Amino acid sequence: MIPEPFHRTTTTGALTVHAGTTISGPGIRQFVDDLAADGGPRLTIADHGTIITELTDHLDEFRDLPEPIGVSPSGHSPADERYLLEITGDRAVVRATAAEGLHRGLTTLRQLLNGGPVVTVPGQRIVDTPRVAWRGFSLDVARCFQSVETVRGIVDMLSLYKFNVLHLHLSDNEGWRLALPEYPELTTAESWTIEEIKTLIAYAGGRHVTVIPELDTPGHSAAVLRAYPELGVFEPDGEFPTAYLDPNRPGVDTFLNTIVKYLAEIAPGPYLHIGGDEAFGMPDDLFHQHVAATLQKVRATGKTPIGWQETTRPGLHSGEIFQYWADFADAVGDQDAAAQSTIPPETLAKLTAFFRTAREDLSRGFAQGARVLLSPTRIAYFDGPHAGDAADPAQHAVRDRVGYRHYPPRTLEELFAWDPATLLDGVGTDRIAGVEAALWAETVSGAADAQFLITSRLPGFAERAWSPEGSKWADYRDRLAAQSPTWRHRDWTYFATTTVDWK
């Protein structure tokens, strides 16, 4: 199973489960459907089951479990995800003190039972808790629009590996994907209505995945400025345009009020993501003015703002969250790298000036009392190319096409080689809000491309975010191989690297 649980012991006996095996208790209907969709047995819901779920006020087994690192994205206690799973020769019982815990325990059972229409599971006892409370995945639907149905499939994947956040990047230079009645020209291309995103949020919530919507400003605003050029400055510059909203232009404050209002309305949890990254070419004073105003608007709704690491520059309040991503900032501006770059010199100078400032974002955020959401490019950005060969040579053409070429290709083992508690030198776990992987869609052309980049990578990130420290690649690789029948049954595309003996 992935992720590996906190504590597992083998016991005597084994339980055989087949089509028609009965299940009873709270929180089971979704489990029954998901297990069948994975290719496992179709269970029967009954008043008294062979598989049982129980909610209880207290479990002694939880007394000595460690507190998860970070904060819960739902606003609930991080301890709500704990569960106890006991499998004997005649039954399986999942116990928890909250619905989230039941869901996580049933997800573990779901993996154990996913071996075909008849499955025999050895007796065992699992007491489990997440290591990190916030385990997220950020999906860019702005550069490559994805239907709500496609994103539901990604939610299914997140649920299977115990992620609890879907961070939706809904706007960028390439497109604005949330239709706002007040600004009809924003979404002349493909987009979601408010009602459609609410249905997605409900779908995710049923799987205990909290959706955090992001409409990114003041940078990454070319889509806004093509529709409403009076709101800011747009200077096309190839891959890295100058495109930002100017807080002193008439109409910008009203625009910000509108988008914050809608985000606050649809966001199911206590957090809103305001973006705030890569405002290339924007004067510092205007950037600070815009971000400070946006932060205050979010606070006024009663939500807690989150922004990319650049939002530390105007200043965050103690306890707020910034998302760290630019772990390469120290290398930007290196003369040797600049000499080899294919980026035009004027553009490179703009980027270099920006990323030199980024070097201080971490220390600045900590000085403000903020907490960090860890998304460093090296291990969290799944839009980088896959390294190595595929078991099916036909995949090499996709491997060579899909993946952002400014990032070096990485193997699954390289992406597995990190630990949330030691990822940042000298930073204690009390400063960490959580961890979040990301898929940016510069090279993605549809659902299959997105799955190709994330399916085989998500489980490793989940293992590092949930499981106790110390799991080794060799053991994890064997458990990863066992996931592939589920992926094929679900028709999820994945990169079948030759370094794993897929089942």
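In which handedness of crossing does α15 pass α16? The legends below, which describe a predicted model, begin with this pair of helices.

**View 1. The crossing of helices α15 and α16.** Helix α15 (residues 458–466) passes helix α16 (residues 473–481) in a right-handed crossing. The two axes come within 11 Å and cross at roughly 130 degrees. That angle makes α15 oblique to α16, because angles over 145 degrees would count as roughly antiparallel and those from 65 to 115 as roughly perpendicular. The contact brings P459, G460 and E463 of α15 against Y476, R479 and L480 of α16. By class, the residues of this contact comprise three nonpolar, one polar and two charged.

View 2. The buried residues are L458, P459, G460, F461, A462, E463, R464, A465 and W466. For F461, the relative accessible area is 2%.

**View 3. The aromatic pair W418 and F461.** The ring centres of W418 and F461 are 5.0 Å apart, and the ring planes stand at 40 degrees, so the pair is tilted. W418 belongs to the loop between α13 (412–416) and β19 (432–439), whereas F461 belongs to helix α15; the pair therefore ties together parts that are 43 residues apart in sequence. Both partners are shielded: W418 counts as buried at 6% relative accessibility, and F461 is buried at 2%.

**View 4. A cluster of aromatic rings.** Across the whole structure, a search finds 29 aromatic pairs. Ring pairs link F240, F280, W308, W325, F328, F354, F355, Y381, Y404, Y407 and W440 into a cluster.

**View 5. The crossing of helices α6 and α7.** Helix α6 (residues 252–266) and helix α7 (residues 284–300) have axes that come within 10 Å and cross at roughly 40 degrees. The arrangement of α6 relative to α7 is thus oblique, because only angles under 35 degrees count as roughly parallel. The crossing in which α6 passes α7 is right-handed. On the α6 side, V252, D253, L256, N257 and V260 take part in the contact, and on the α7 side H290, T294, K297 and V298. These contact residues divide into four nonpolar, three polar and two charged.

View 6. Most peptide bonds are trans. A cis bond joins I2 and P3, with omega at about 0 degrees. P3 is placed in the segment before β1 (7–18). Another cis bond, also with omega at about 0 degrees, joins T217 and P218. P218 lies in the loop between β12 (210–217) and α5 (222–227).

View 7. Most residues other than glycine have a negative phi. H208 has a phi near 55 degrees, a positive value in a residue other than glycine. This histidine sits in the loop between α4 (194–205) and β12. For H220, phi is likewise positive, near 55 degrees, and the residue is found in the loop between β12 and α5. Is each of these histidines buried, partly exposed or exposed? H208 is partly exposed, with a relative accessible area of 23%, whereas H220 counts as buried at 8%, because the cut-off for burial is under 20%.

Methods. Residues are numbered from 1 along each chain as its sequence is written. This is a predicted model: local features need pLDDT of at least 70, side-chain atom pairs count only at pLDDT 80 or more; totals for chains, interfaces and linings use all residues. Side-chain values use heavy atoms; hydrogens and water are left out. Axes are lines fitted to C-alpha atoms, for helices over the stretch in contact, and angles run from 0 to 180 degrees between N-to-C directions. Helices (H or I, at least four residues) and strands (E, at least two) are DSSP runs, numbered from the N terminus. A crossing is left-handed if the near helix is turned anticlockwise from the far one by less than a right angle, and right-handed if clockwise. Contact means heavy atoms within 4.5 Å. Ala, Val, Leu, Ile, Met, Phe, Trp, Tyr, Cys and Pro count as nonpolar, Asp, Glu, Lys and Arg as charged, and the others, Gly among them, as polar. Rings of Phe, Tyr and Trp (its six-membered ring) pair if their centres lie within 6.5 Å; planes under 30 degrees apart count as stacked, over 60 as edge-to-face and the rest as tilted. Buried means under 20% relative accessible area, exposed over 50%, partly exposed in between (1.4 Å probe, protein chains only).
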